[in-house]
Amino acid sequence: MKSELVTFGEIMTRFSPQENLKLEQAMPGKLEVIFAGAEASVAVSYSRLGGKSHFVTALPKNAMSDACIMDLKRHSVGLDGILRVDQGRLGTYYLETGANQRASRVEYDRSKSSVSLTEASKYDWQNIFNNKTWFHITGITPALSKEACKTTKVAVQAAKEQNLTVSCDLNFRGKLWKWNKTYSPRELAKKEMPEILKFVDIIIGNEQDADNVLGIQIKDADFDKGSIDISQYSDIAKMVSEEFSNLSYVAITLRESISANHNRWGAMLYDCKNQAAYFSPEKAGQYSPYEITHIVDRLGAGDSFAAALIFSLSEYEFRPKDALNFSVAASCISHSIKGDFNITSADEVKRLAGGFTSGRVVR
């Protein structure tokens, strides 16, 4: 059976000042408006690579939601799992794109969004997962509200009952895990996420996610210094796999932030069964990250990595190393594309993964 992906989460409107302006410089005035959200980005990126994807969420009954659905439809994403409800609103966020040593900044406006208010019982998970093969979630959705967290737990359990492969991008967002004031955001994530991860086959994240969500930290970690020591990342993945024996793979993205415009980018994939770690990209057998020196838009890079990893493991049935090469190349390309969605093709990704890095015109 051909692989079919389902994702569940919140899609929002993204407002951004043009170029590198701060909001206070741009307003009052014009803002760029697109639709964005981690799980929707994975669905779109997967579809653009050539796979069949479906997005599940809850949206209010208004014209902006209509436009959002039309945008997803344009990218050939299946929409049968989208509920139109009478409660809540379409969430939003604001992005200030940084430059040089000024970091990009995200401000959320997602309180009481439709998906955060909709009960788990409103979704027909049995039909949603019927004849599907893969379910992808992130740690963002359960961070939205107690109801969204409960729905995520119900969804992953239903997916496993119907024998889907389940992946989760940890995606810790400290600004969102605030629906239980008894706990700090990190404490709440550490309390709730293990109940979700016990149904997961593949965990995706970075070193900060491993620390914030699972309490697993590399020695002498300093996430703000802009450089990384890859020698300890296989140890992180091994500790994650030992905590969750249900895992097949642990993927860790490796970002070195030299500045807002210049990042080094790569990833590691850990095969839990064989206890083998793979790194990409490599030169002469040594890890050698992509040098991304003129970033157009870095938001959604992790989502494009997740989509490409799912696609390469399910559609192409790649070996772990080849799947990793494909996924890192896809997410590298996403840094050159405006917006959260990675509008690229499998052939373009294969060219980059195969060593075509010059950027010369393809005629």
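Strands are DSSP runs of E, at least two residues in length, numbered from the N terminus. The structure described here is a predicted model.

Rolling a probe the size of a water molecule over the atoms shows where empty space is left. A search of the whole structure finds two cavities of 30 Å³ or more.

The second largest cavity has a volume of about 40 Å³. Its lining includes E10, I11, R89, L90, G91, S113, S114 and V115. T57, A58, L59 and P60 also line this cavity. Two elements, strand 4 (52-60) and helix 4 (114-117), each give two or more residues to the lining of the second largest cavity. Strand 4 gives the most, with four residues. By class, the lining of the second largest cavity holds six nonpolar, four polar and two charged residues.

The largest cavity has a volume of about 50 Å³. It is lined by L170, I203, I204, G205, N206, A210, I236, V240, V250, A251 and I252. Three elements each supply at least two of the lining residues: strand 10 (202-205), helix 10 (233-243) and strand 11 (249-257). Nine residues of this lining are nonpolar and two are polar. None is charged.

Helix 10 also takes part in helix packing. Two packed helices are described by the angle between their axes and the distance between the axes. Helix 9 (residues 207-214) packs with helix 10 at an angle of about 35 degrees. Their axes lie 11 Å apart. The crossing of helix 9 and helix 10 is left-handed. Helix 9 contributes E207, A210 and L214 to the contact, and helix 10 contributes Y233, I236, V240 and E243. Five of these contact residues are nonpolar, two are charged and none is polar. A210, I236 and V240 belong both to this contact and to the lining of the largest cavity.

Helix 2 (residues 38-49) and helix 11 (residues 301-314) pack with their axes 8 Å apart. The angle between helix 2 and helix 11 is about 45 degrees. An angle from 65 to 115 degrees would count as roughly perpendicular, and one under 35 degrees as roughly parallel. Helix 2 and helix 11 are therefore oblique to each other. Their crossing is right-handed. On the helix 2 side, the contact is made by A38, S41, V42, S45, Y46 and L49. These residues meet D303, S304, A306, A307, A308, I310, F311 and S314 in helix 11. The contact of helix 2 with helix 11 has nine nonpolar, four polar and one charged residue.

How values were computed
Residues numbered from 1 in each chain as written. Predicted model: local features only at pLDDT ≥ 70, side-chain atom pairs only at ≥ 80, totals over all residues. Heavy atoms only, no water. 1 Å grid on protein atoms, 1.4 Å probe; cavity = no way out; pocket = protein on both sides within 12 Å on 5 of 7 lines; lining within 4 Å. Points joined across faces, edges and corners; volume = space filled by probe spheres on them. Nonpolar A, V, L, I, M, F, W, Y, C, P; charged D, E, K, R; others polar. Axes fitted to C-alpha atoms, helices over the stretch in contact; angles between N-to-C directions. Parallel < 35°, antiparallel > 145°, perpendicular 65-115°, else oblique. Left-handed = near helix turned anticlockwise from the far one by under 90°. Contact = heavy atoms within 4.5 Å.
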